[in-house]
Amino acid sequence: MPIVLPLLLLLCFFTHCTLCFSASKPQTLILPLKTETLPHGFAPHSTNKLSFHHNVTLTIQLSVGSPPQKVTMVLDTGSELSWLHCKKAPNLNSVFNPLASKSYSPIPCSSPVCRTRTRDFSIPVSCDPKKLCHATLSYADASSIEGNLASETFGIGLSTQPGTIFGCMDSGFSSNSEEDAKTTGLMGMNRGSLSFVTQMGLPKFSYCISGRDSSGVLLFGEAKFAWLRPLNYTPLVQISTPLPYFDRVAYTVQLEGIRVSGKVLPLPKSVFVPDHTGAGQTMVDSGTQFTFLLGPVYTALKNEFIQQTKPVLRVLNDPNFVFQGAMDLCYQVPMNRPSLPQLPTVTLMFQGAEMSVSGERLLYRVPGMVRGSDSVYCFTFGNSDLLGIEAFVIGHHHQQNVWMEFDLEKSRVGVAEVRCDLASQRLGLGV
């Protein structure tokens, strides 16, 4: 569920271990993370260690088709269907050519895949004039994409998975065409039946993004390392009855409160619980950069943060400036200041676990924005109401230096604070 996309992660292939896409014998695949502004080509070594780069969206590079074509896909835990651009356009640097692949096979409308496995799509599939299964996907940032479902061979390292279902897209609208031009498509990683992780039969995956030097780790399989402290788990919230505003295949957890320094915001727990329509769920989403809170919660957090930072920060008094359409708390910080002042830690309190956001992760410098001799920094929590989103969304900026585990077998998300740059070094993932 990409919301406002300013970041890029790229996966290149290195050596570490073998990966078998099998539910009965899952192996572990470890990938290093590194920041890149633009995706570059493969850095092939011997087998399956992957280089994972990030700047604004998380992306993975892999091969698709027979013979294989290299593609770059946004890694998105908030989406189900993986898709690729299949039609050349002036604004696209990379497309997948299905006509050049011997293993490409379009999905007909009569297929059980089209009729039953697309039930969680927000827009029902349709039948095109050629009797092929046609999908239209829309995202919270107003982007949309459409095309036909197909099956194809996907490869990561030396392992391949034939018959993977994806969308071969030929038209759409992007709210950020510059970022869209850098990638070939999107890899859906939620809990839906057609997501990449479900189709691969993988029981769990983890990632760890550094806030220090932009290194990190992406791992498919079991994470058992002596240096990794025990994870705290929060259960996934699951609702069997379809509700209009509840995404049943998202990684939904229960937010129970927010603490600023030692002060818990005086809010009833009911404001964090989805209502009878499903509005108000809390989703962990790698496809979104920042974190967005529903209006009443955001306002309470904003007011408390302003109160606690009054002695050290000067608020930008410009009611017409709202960063990325939802972040209206910004500050003026002198450009000659070597570092930000000490800021109060914001802790997200979940059932069974907590995530703390501190230091530089709380404020984001707006590129190119200057007021006099000051840079402009904005609070990295935004207002969901301003985006028209009926949900709390935990973005990847606030997942930095946290080991994030998505356990599909036990329906839970695990977290543990860790220096992700050191994790990369310990795993020998120098990039």
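Let's start with methionine 187, which is buried in this predicted model. Its relative accessible area is 0%, and since buried means under 20%, methionine 187 counts as buried because its 0% falls below that cut-off. You'll find methionine 187 in strand E12, which covers residues 185-188.

So what does methionine 187 touch, leaving aside residues up to four places away in sequence? The list is Ile60, Leu62, Met73, Val74, Leu75, Asp76, Ser82 and Phe196.

Next, let's move to another part of the chain. Here four strands form an open sheet in the order E21-E22-E26-E25, and their pairing is antiparallel. At the edges sit strand E21 (314-315) and strand E25 (363-371), each pairing on one side only. Strands of a sheet pair through backbone hydrogen bonds, parallel or antiparallel. E21 and strand E22 (residues 330-334) run antiparallel and are joined by two bridges. In one of the pairings, arginine 314 has glutamine 332 in E22 as its bridge partner. Helix H4 (residues 295-309) lies across E22, E25 and strand E26 (374-379), and it runs at about 25 degrees to E22.

Finally, zoom out to the whole protein. Its secondary structure comes to six helices and 30 strands. Of the 431 residues, 58% are buried. Among contacts with a separation of 6 or more, 72% come from residues 24 or more positions apart. The accessible surface comes to about 17600 Å², with 52% of it belonging to carbon and sulfur atoms.

Technical notes
Residues are numbered from 1 along each chain as its sequence is written. This is a predicted model: local features need pLDDT of at least 70, side-chain atom pairs count only at pLDDT 80 or more; totals for chains, interfaces and linings use all residues. Side-chain values use heavy atoms; hydrogens and water are left out. Buried means under 20% relative accessible area, exposed over 50%, partly exposed in between (1.4 Å probe, protein chains only). Contact means heavy atoms within 4.5 Å. Two strands pair if DSSP finds at least two bridges between them. Axes are lines fitted to C-alpha atoms, for helices over the stretch in contact, and angles run from 0 to 180 degrees between N-to-C directions. Accessible areas come from the Shrake-Rupley method with a 1.4 Å probe; for residues, only the protein chains shown count as cover.
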